[in-house]
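Please keep the structure in view while reading.

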Amino acid sequence: MAERPLVAIVDDDESIRNATRDLLRAVGFSTATFENAESFLGSTSRARAACVVADIRMPGMTGIELYQALVAAGDGIPTVIITAHPEDATRARAREVGITCYLSKPFAPDELLECVSEALAKSPRGPIPKS
């Protein structure tokens, strides 16, 4: 059986990290969680991640800055931004730099799953294999 693409979840709020992980695992995704952008960037999971779900506001690096760091390093992993503080200017900036989706918390589980599927379809590490 082919290995499932890895979705990295980067959020400083443990309850959001765990809820997002549980949702994605329940539908068959492989996941890894990180409390900040720096811990993801320094992890071995980075090389396997096919998609990133990241909070916009975290101590240190923001979700958009994380995506920009990945792009600058030649590893533009498709990224979904989630935020409890939606702002039109931030949404526009996210779109401008190439973020796949921008979701406002709380969001419906189906919205996140749709965004993750869209990101995986763009990923150089591939979408979910068809069975």
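Q: Are phenylalanine 34 and phenylalanine 40 buried or exposed?
A: In this predicted model, phenylalanine 34 is buried, and phenylalanine 40 is buried as well. The term applies to a residue with under 20% relative accessible area.

Q: What share of the residues in the protein chain is buried?
A: Of the 131 residues in the protein chain, 45% are buried.

Q: How many aromatic pairs does the rule give?
A: The count comes to one aromatic pair.

Q: Why is the pair of phenylalanine 34 and phenylalanine 40 called edge-to-face?
A: Two rings pair if their centres lie within 6.5 Å, and planes over 60 degrees apart count as edge-to-face. The ring centres of phenylalanine 34 and phenylalanine 40 are 5.2 Å apart and the planes stand at 65°, so the pair is edge-to-face.

Q: Which order do the elements of the protein chain follow from the N terminus on?
A: The order is β-α-β-α-β-α-β-α-β-α, and the chain has five strands and five helices.

Q: What makes the protein chain as compact as a globular protein of its length?
A: The globule rule gives 14 Å for 131 residues, and the radius of gyration of the protein chain is 13 Å, close to that value; therefore the chain is as compact as a globular protein of that length.

Q: What percentage of contacts between residues at least 6 apart in sequence joins residues at least 24 apart?
A: Among these contacts in the protein chain, 61% join residues at least 24 apart.

Definitions and conventions. Residues are numbered from 1 along each chain as its sequence is written. This is a predicted model: local features need pLDDT of at least 70, side-chain atom pairs count only at pLDDT 80 or more; totals for chains, interfaces and linings use all residues. Side-chain values use heavy atoms; hydrogens and water are left out. Rings of Phe, Tyr and Trp (its six-membered ring) pair if their centres lie within 6.5 Å; planes under 30 degrees apart count as stacked, over 60 as edge-to-face and the rest as tilted. Buried means under 20% relative accessible area, exposed over 50%, partly exposed in between (1.4 Å probe, protein chains only). Helices (H or I, at least four residues) and strands (E, at least two) are DSSP runs, numbered from the N terminus. The radius of gyration is taken over C-alpha atoms; the globule rule is 2.2 Å times the number of residues to the power 0.38. Contact means heavy atoms within 4.5 Å.
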